[in-house]
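Biologist: I have a model open and a list of labels to go with it. Can we go through them and say what each one rests on?

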Amino acid sequence: MRSRTWHPLIILLHWATVMLILLQYGLSRLMGDETRDLLSRFVLYQWHKSFGLTLAGLVLLRLIVRRLLPAPAPVPMPRWQRAAAATVQGGLYLCLLALPVTGLLMAAAAPIQIPTLFFGLFSVPHPIGPDQAIYDAMLRAHATLFDIMAALAFIHAGAALLHQFVLRDGLMQRMWFGRS
């Protein structure tokens with residue numbers, strides 16, 4: 001008999017991803033505060049880039065683990081809901097993979113070359129050099145991808161809350177620790 005909940009590692013990676021996304025959003029808001037001194041902004045940008053790369057690694061790990069560990073028994077729902085859920089989740093994964101790529105390319109193509117220091121431990125090589133057109137395109141793509149990801153995350157969370165409080169089908173307990 002299949003478990004009714006996701007494996008604890010998948011649950012941990014899910015909630016770590018959520019927390020890092022929220023942290024990234026907070027850092028991005030602070031980075032935009034131009035009243036801060038340059039050193040503070042430099043540190044905020046480095047944290048944002050470091051956590052972004054960490055998030056990319058977590059998402060890749062989550063995809064690998066998801067392929068290796070069995071999924072819980074499905075919750076009965078109409079085919080259209082299952083298709084909608086798969087579409088939203090697929091979109092979230094695509095955004096979570098594309099955001100770090102656009103962020104790194106934006107940093108690499110920036111007219112002012114500032115190294116990407118992964119938590120101050122080492123310098124991450126930039127795959128390209130300064131290029132204003134690429135920088136502008138990656139800046140727009142990064143912002144647009146975040147907006148799409150935020151919209152998909154609200155749909156995802158809203159659907160989970162619908163299942164929890166209206167449909168009461170136990171779907172939300174599958175992504176929490178302990179018994180379902």
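Modeller: What follows takes the labels in turn and sets each value against its cut-off. Keep in mind that this is a predicted model.

Biologist: What makes up the fold, and in which order along the sequence?

Modeller: The protein has four helices and two strands. Read along the sequence, the pattern is α-α-α-β-β-α. The C-alpha trace spans about 55 × 30 × 30 Å along its principal axes.

Biologist: How many residues does the protein have, and what share of them counts as buried?

Modeller: There are 180 residues, and 30% count as buried. Buried means under 20% relative accessible area. The accessible surface comes to about 11400 Å². Carbon and sulfur atoms hold 71% of that surface.

Biologist: What share of the contacts joins residues 24 or more positions apart?

Modeller: The share is 69%, taken over contacts with a separation of 6 or more.

Biologist: Now the helix pairs. What describes two packed helices?

Modeller: The angle between their axes and the distance between the axes.

Biologist: Then why are α1 and α2 called roughly antiparallel?

Modeller: Helix α1 covers residues 8-31 and helix α2 covers residues 38-68. They pack at an angle of about 160 degrees. The label needs an angle over 145 degrees. The angle passes, so α1 and α2 are roughly antiparallel. Their axes are 9 Å apart.

Biologist: Which hand does the crossing of α1 and α2 have, and which classes of residue make the contact?

Modeller: α1 passes α2 in a left-handed crossing. The contact has 19 nonpolar, seven polar and three charged residues.

Biologist: How do you know that α3 and α4 are roughly antiparallel?

Modeller: By the same test. Helix α3 spans residues 79-109, and α4 spans 132-167. Their axes cross at roughly 150 degrees. With the cut-off at over 145, α3 and α4 are therefore roughly antiparallel. The axes come within 8 Å.

Biologist: What about the hand and the residue classes for α3 and α4?

Modeller: The crossing of α3 past α4 is left-handed. The contact has 21 nonpolar and nine polar residues, and no charged residues.

Biologist: At what angle do α2 and α3 pack?

Modeller: At about 145 degrees, with the axes 9 Å apart. Roughly antiparallel asks for an angle over 145. The hand is clear: α2 passes α3 in a left-handed crossing.

Biologist: Which residues make the contact between α2 and α3?

Modeller: From α2 they are K49, G52, L55, A56, V59, L60, R62 and L63. From α3 they are Y93, L96, L97, P100 and A107. By class, these divide into 10 nonpolar, one polar and two charged.

Biologist: Next, the backbone. What makes F119 worth a look?

Modeller: F119 is not a glycine, yet its phi is positive, about 50 degrees. Most residues other than glycine have a negative phi. F119 sits in the loop between β1 (116-118) and β2 (122-124).

Biologist: Why is F119 called partly exposed?

Modeller: Its relative accessible area is 33%.

Biologist: Where is R168, and what is its phi?

Modeller: R168 lies in the segment after α4. Its phi is near 50 degrees, a positive value in a residue other than glycine.

Biologist: And why is R168 called exposed?

Modeller: Exposed means over 50%. R168 has 64%, so it counts as exposed.

Biologist: How do you know that P130 and P74 are exposed?

Modeller: P130 has a relative accessible area of 53%, and P74 has 54%. The cut-off is over 50%, so P130 is exposed, and so is P74.

Biologist: Where is P130, and which residues does it contact?

Modeller: P130 lies in the loop between β2 and α4. Leaving aside neighbours within four places in sequence, P130 is in contact with A108, A109, A110, P111 and Q113. P130 and I10 are 38 Å apart, C-alpha to C-alpha.

Biologist: And where is P74, with which contacts?

Modeller: P74 is in the loop between α2 and α3. Beyond its neighbours within four places in sequence, P74 is in contact with R2, R82 and R174. P74 and L171 are 97 residues apart along the chain, with C-alpha atoms separated by 8.9 Å.

Terms used: Residues are numbered from 1 along each chain as its sequence is written. This is a predicted model: local features need pLDDT of at least 70, side-chain atom pairs count only at pLDDT 80 or more; totals for chains, interfaces and linings use all residues. Side-chain values use heavy atoms; hydrogens and water are left out. Axes are lines fitted to C-alpha atoms, for helices over the stretch in contact, and angles run from 0 to 180 degrees between N-to-C directions. Angles under 35 degrees count as roughly parallel, over 145 as roughly antiparallel, 65 to 115 as roughly perpendicular and the rest as oblique. A crossing is left-handed if the near helix is turned anticlockwise from the far one by less than a right angle, and right-handed if clockwise. Ala, Val, Leu, Ile, Met, Phe, Trp, Tyr, Cys and Pro count as nonpolar, Asp, Glu, Lys and Arg as charged, and the others, Gly among them, as polar. Buried means under 20% relative accessible area, exposed over 50%, partly exposed in between (1.4 Å probe, protein chains only). Contact means heavy atoms within 4.5 Å. Accessible areas come from the Shrake-Rupley method with a 1.4 Å probe; for residues, only the protein chains shown count as cover.
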